[in-house]
Amino acid sequence: MAAIELRGVVKRFGPITAVDGLDLDVPEGICLGLLGPNGAGKSTTMRLLTGQALPDAGELRALGHELPGDAKAARAEMGVVPQLDNLDVDVTVEDNLAVFARLYRVPDVGAAVDRALDLARLRERRRDAVDELSGGMRRRLLLARGLVHEPRLILLDEPTVGLDPQIRTQLWTLIDDLRSHGTTILMSTHYIEEAERLADEVAVMTHGKVISRGRPAELIAEHAGRETAEIYAPPERLAEARAIAETDGLRVRPAGPAIAIVGSERAGNGAVPEDAVRRAASLEDVFVLLTGEEAE
Amino acid sequence: MSERGTRLRRLEPAAIGGVMSREVANFRTYWKGTTFSSVLEPIVYLLAFGLGLSATLVDEVHGIPYVQFVGTGMVATAVIFSSALPAMFGTFVKHRFQNTYDAILAAPVDVEELVSAEMLWIGLRASVYGCVPLLVTIAFGLDPAPGMLLVPLFCLATALGFAGFGVAMAATVAKIDQFNYVTALFVTPLFLVSGAFFPIDELPEGVQVVAQLNPLHQLVELVRGGAFGYEAVDILRFAGLAAFALVMWRVAVKRMSARLID
């Protein structure tokens with residue numbers, strides 16, 4: 001049974017169609033990265049899965065529960081880690097966890113809190129107010145709060161957005177542990193490295209629908225080939241190099257101050273300048289080619 | 001559907017209790033300030049209005065010493081200020097600034113349970129703080145009476161209604177400063193024509209009719225009934241307060257559902 005099944009899901013906000021005929025299956029036990037630019041519909045998809053948004057059309061099931069009608073039962077078995085920190089800042093670390101253990105009807109609240117504190121490595125800070133924690137500790141607590149009831153499915157909505165690299169790495173380690181224990185994870189992100197590092201499969205989403213999906217290596221092979229050549233040069237030379245590569249049937253994308261010729265291993269003689277920097281094709285190449293957006 | 005899922009129904013005590021436990025956890029961080037002001041305020045009012053006015057202008061109203069008239073009336077002001085205002089501002093802040101409700105609604109709690117828990121917590125708290133002016137008035141010379149034991153119940157019904165009103169307003173206004181309109185148009189007039197500080201039977205007839213529709217006035221009459229003797233009509237007054245709470249509960253659930261569920 002798939003942990004999540006979406007069929008033709010549509011969600012509109014007035015004239016804006018945030019989710020546009022979305023089909024998505026998430027098998028149990030995998031981490032699926034929902035990769036897309038801001039406004040792709042990732043967060044709306046998450047809210048549809050928790051029943052906090054109602055679909056205009058389509059069918060949704062999570063953990064065997066029909067949504068939105070049976071969303072409350074589905075939520076009892078899933079954990080949600082939001083994009084924004086919504087901890088109670090004046091309340092102690094352990095009380096933040098205990099409240100959610102009660103909301104999730106955990107029979108032994110004390111044991112659940114202890115387990116979550118260990119997971120977040122915050123046992124020593126259990127009686128401190130959240131206000132006194134560092135940014136990294138707060139994010140770990142937020143993650144532990146979503147796991148306090150040991151859910152079968154976890155929705156991570158941009159779990160490391162806005163965090164510095166050190167804190168991001170800490171969280172990745174925690175998420176990796178969950179994945180290795182077989183918990184199903186649906187993680188929305190617009191960070192390529194995050195998707196590449198954590199996701200078993202990646203679904204690239206833009207304009208409210210999934211436009212490509214697969215294991216990162218499969219997506220790279222399918223859309224970007226083996227090699228990318230990056231050219232750093234003045235704008236006139238970049239325009240010239242782009243024109244030559246496109247004439248040769250190659251796909252070219254912007255890469256900050258440079259351009260990247262994707263699938264450069266297929267280039268004919270002279271299509272790629274000799275001073276180009278050749279590297280292995282990446283998920284970032286796929287993302288930019290498919291969505292037309294600069295990667296982060 | 002899982003076994004766990006089949007047990008989930010509407011208005012589950014576990015969900016309501018869970019939301020209230022969050023309020024209790026937060027309340028433990030700020031109860032001292034709230035309690036201090038709720039005790040000090042009626043003392044200041046009784047000294048200023050009660051003792052000040054009764055020494056100079058008004059000795060008694062309908063045979064009741066003015067200090068005791070104001071003291072019993074202040075129960076209603078304590079109830080509205082510890083229910084409508086916290087419900088308005090607290091709900092708005094939790095929804096718009098703290099994103100607290102997003103977190104709660106991601107758990108197996110629905111909007112009806114969330115609103116019910118918020119109203120119940122505010123109602124219980126206001127029913128306790130509502131009794132403080134009565135206790136202070138007893139300290140100022142009001143004789144305790146058995147009928148006063150029902151005052152917390154009257155306060156609870158009224159506070160539930162005003163908590164629902166506050167939650168509904170929080171779900172309606174676009175910006176927090178729009179609460180100024182709500183306070184000026186509803187809260188202050190209700191408080192002034194409640195009969196807390198002067199008897200409404202001296203007001204023009206039309207205003208008296210409107211005052212009868214004011215839940216705070218009904219609460220004032222019930223509290224004075226508890227202190228000085230009930231009348232048969234007090235049953236209707238309490239039924240009116242219960243109906244007010246019920247209607248406001250449904251309005252609050254409807255408004256918050258529209259606000260919280262996209």
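User: Where in chain A is Leu63(A) found?
Analyst: This is a predicted model, and in it Leu63(A) sits in the loop that links β4 (57–62) to β5 of chain A. Leu63(A) is not a glycine, yet its phi is positive, at about 50 degrees.

User: Is Leu63(A) buried or exposed?
Analyst: Leu63(A) counts as buried because 26 other C-beta atoms lie within 10 Å, and the cut-off for that class is 20 or more.

User: And which residues does the cis peptide bond join?
Analyst: The cis bond lies between Leu67(A) and Pro68(A), with omega at about 5 degrees. Pro68(A) belongs to the loop between β5 (65–67) and α2 (71–76) of chain A. As background, most peptide bonds are trans, and most residues other than glycine have a negative phi.

User: What about Asn99(B), what is its phi?
Analyst: Asn99(B), which is not a glycine either, has a positive phi of about 55 degrees. Its place is the loop between α4 (84–97) and α5 (100–105) of chain B.

User: How many C-beta neighbours does Asn99(B) have inside 10 Å?
Analyst: Asn99(B) has 16 of them, so Asn99(B) is classed as partly exposed.

User: Changing topic: in what order do the strands of the four-stranded sheet in chain A run?
Analyst: The order is β12-β13-β11-β14 in chain A, in an open sheet with antiparallel pairing. β12 (251–255) and β14 (277–280) of chain A are the edge strands, and because each has a single partner, one side of each lacks a neighbour in the sheet. From one strand to the next, the twist averages 30 degrees.

User: How many bridges join β11 of chain A to β14(A)?
Analyst: Four bridges connect β11 (residues 227–231) of chain A with β14(A), and the two strands run antiparallel. Within that pair, Ala229(A) faces Arg278(A) of β14(A).

User: Which helices lie on that sheet?
Analyst: Helix α9 (residues 235–247) of chain A lies across β11, β12 and β13 (258–262) of chain A, and its direction is at about 10 degrees to β13(A). Helix α10 (residues 283–291) of chain A also packs on the sheet, where it touches β11, β12 and β13 of chain A, and its direction makes about 105 degrees with that of β12(A).

User: How is chain A divided into domains?
Analyst: Chain A has domain 1 (2–220) and domain 2 (225–280). The centres of these two domains of chain A, taken over C-alpha atoms, are separated by 38 Å.

User: Last one, how many residues of chain B are in contact with chain A?
Analyst: On the chain B side there are 28 residues in contact, and they meet 27 residues of chain A. The elements α1 (3–6), α2 (13–56) and α5 of chain B each supply at least two residues of that side, and the largest share, nine residues, comes from α2(B). By class, the side of chain B that touches chain A has 13 nonpolar, 10 polar and five charged residues.

Methods
Residues numbered from 1 in each chain as written. Chains lettered and ligands numbered in written order. Predicted model: local features only at pLDDT ≥ 70, side-chain atom pairs only at ≥ 80, totals over all residues. Buried ≥ 20, exposed ≤ 12 C-beta atoms within 10 Å, placed from the backbone. Pairing = 2+ DSSP bridges. Axes fitted to C-alpha atoms, helices over the stretch in contact; angles between N-to-C directions. Contact = placed C-beta atoms within 7 Å. Nonpolar A, V, L, I, M, F, W, Y, C, P; charged D, E, K, R; others polar. Domains from an automatic or database assignment.
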